[in-house]
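Could you walk me through this structure in my viewer, one selection at a time?

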Amino acid sequence: MDEQNERRDLYEEFESEVVKRGNTEAFFDENDLIDIFDYASDYDNYVVKMEVLLYGAAHYPKSEALATRRAWLYYSFGDVETTAELNRRVNTGSVLNRLLELRARNSDLSMQKSEITASLEEILSVTDDFEDEGIIQFTDYAIEMGLDSWLMNNKERIQEKCSYPQTFLYEFADRTEENEDLSTAAILFEELTMLEPFNLDFWLRLATVQINSDAYESALSSAEYALAIDPDSIMGLRIKGAALYRLERGAEAVAEIYSRVVESQEVEETDISTFAAALMETGRQTQAAEMLCKYLNEHLNSRLAVDVLLVLDKEKAYPFVRSIINSGYVGEKDAVEWARNHVAHGQFSSAALICLTYDEIKGFENELPFVMEICYFGLQFDKIISLYRTKQEKLQWPYLPAVTFPYIMSLVRTGHRETALDEASQIYSSIKNYRKAHSNSELSHLFKLTPASTGAMVTGYVENLKNIIRALKAENEIPADEFDPML
């Protein structure tokens, strides 16, 4: 909107001249200052708001509008007494003054909803024309107090008292979207598109709400309207591509759209992953991997892009996994959670690579059982054998099933059956001796289970070990799958 652009230009000029250069002689009239203050409020820029008030005090000391905004600033700092005092001094009876009085009166949230509603009703009834800042604050407070339904029920009445009702609808829609009431937000944004059918932002906001509501057909339609207004809108292209992808309307079309998105300055991580997925569906895995590597060379810590590359080409992903772990922001729990995200999609080899890389660089201290199991399902049998022999002495109790079963079965699967039998027999003997010397209650803290559950688990553990030993002693070689307790 032109008016919004003018406010932004004023804001930037004031910030440049007064805030940064200290040029207090630069000319801004009273209305300019009000617009700048309100624009700065949208972005919580307290420095600019304070400088506006200082400038205003020097050049327009009798301005009631600026005095009101000064009271609002004190309220934002939590100084209710000063807020109330300053507000009484101004006492213009404007919407902002009335709202500020209501906020100060209800600062301890002691008022009933019926009392707040009555106060808002009074403000609505005595107001002939809401100014933009007044209707924004009116709407925000009603939503803060949980009166969304009251706003919706009185929507037409409120709009009639707005010379530009789009401000009210936009603020209402924006706040309901923020509160994840997407169905209401969609209704409001759709009404905005009917009021201004050539407003690009309204169509994009509607499309965003629709796609986040899984209303892909509607999102596609809204994105098409947006692109009719601006064919180069990256947000419009992004939503159209995402909707087509969800609707399975052709990976080629999605790839074509996202090829434009990823070349723009507005590219996001999700664009890269969606583009890669579309390329993979069209059989262009090499191109997808190359694109991801190119992106990652410029965005080394993009976890999402690395995750997609891990599925495509683990060898190419490996240096980027190392880079993320080396960054210092990934601890042991973070690495486990990262690996779990891959396990949730059945990507055990990717999870294993993450775990093994972390262990190589930093070393696991507490999560070895998880690592051993993941590496087993990721078919990293040699790595498991090495991990066990390197780290078993660090374990609080070295005979956890999640550690010993992957180790013994890795020996079996790498052709070391005799060694597997020796190790299983030794572990079995040790557990029997250890079991005799400790009660279920003493063992329960090791497993973080109740004593009864601990007893049941240890019994099952011993039986599985006995089964492995019997299988390895059999005259005819039994396939590993038939006695593998991990399967």
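## First stop: helix 19

Start by selecting helix 19: its buried residues pack against helix 17 (269–281), helix 18 (285–298), helix 20 (314–326), helix 21 (332–343) and helix 22 (348–361). Contact here means heavy atoms within 4.5 Å. Helices (H or I, at least four residues) are DSSP runs, numbered from the N terminus. Buried means under 20% relative accessible area, exposed over 50%, and partly exposed in between (1.4 Å probe, protein chains only).

This is a predicted model, where local features need pLDDT of at least 70 and side-chain atom pairs count only at pLDDT 80 or more, while totals for chains, interfaces and linings use all residues. Residues are numbered from 1 along each chain as its sequence is written, and side-chain values use heavy atoms, leaving out hydrogens and water.

Colour them in: Ala305, Val306, Asp307, Val308, Leu309, Leu310 and Leu312.

## Next: helix 24

Now select residues 381–391, where Phe381, Ile384, Ile385, Leu387, Tyr388 and Lys391 are buried. Look down the axis of helix 24: these buried residues fall within an arc of 165 degrees, so they line one face of the helix. The arc is that of the directions from the helix axis to the C-beta atoms. On the other side of helix 24, find Asp382 and Thr390, which are exposed. Then show the cover over the buried residues, which includes helix 22, helix 23 (368–377), helix 25 (401–413) and helix 26 (417–437).

## Last stop: tyrosine 46

Finish in helix 3 (residues 46–59), where tyrosine 46 lies. Tyrosine 46 counts as partly exposed because its relative accessibility is 34%.

Technical notes: Helices (H or I, at least four residues) and strands (E, at least two) are DSSP runs, numbered from the N terminus.
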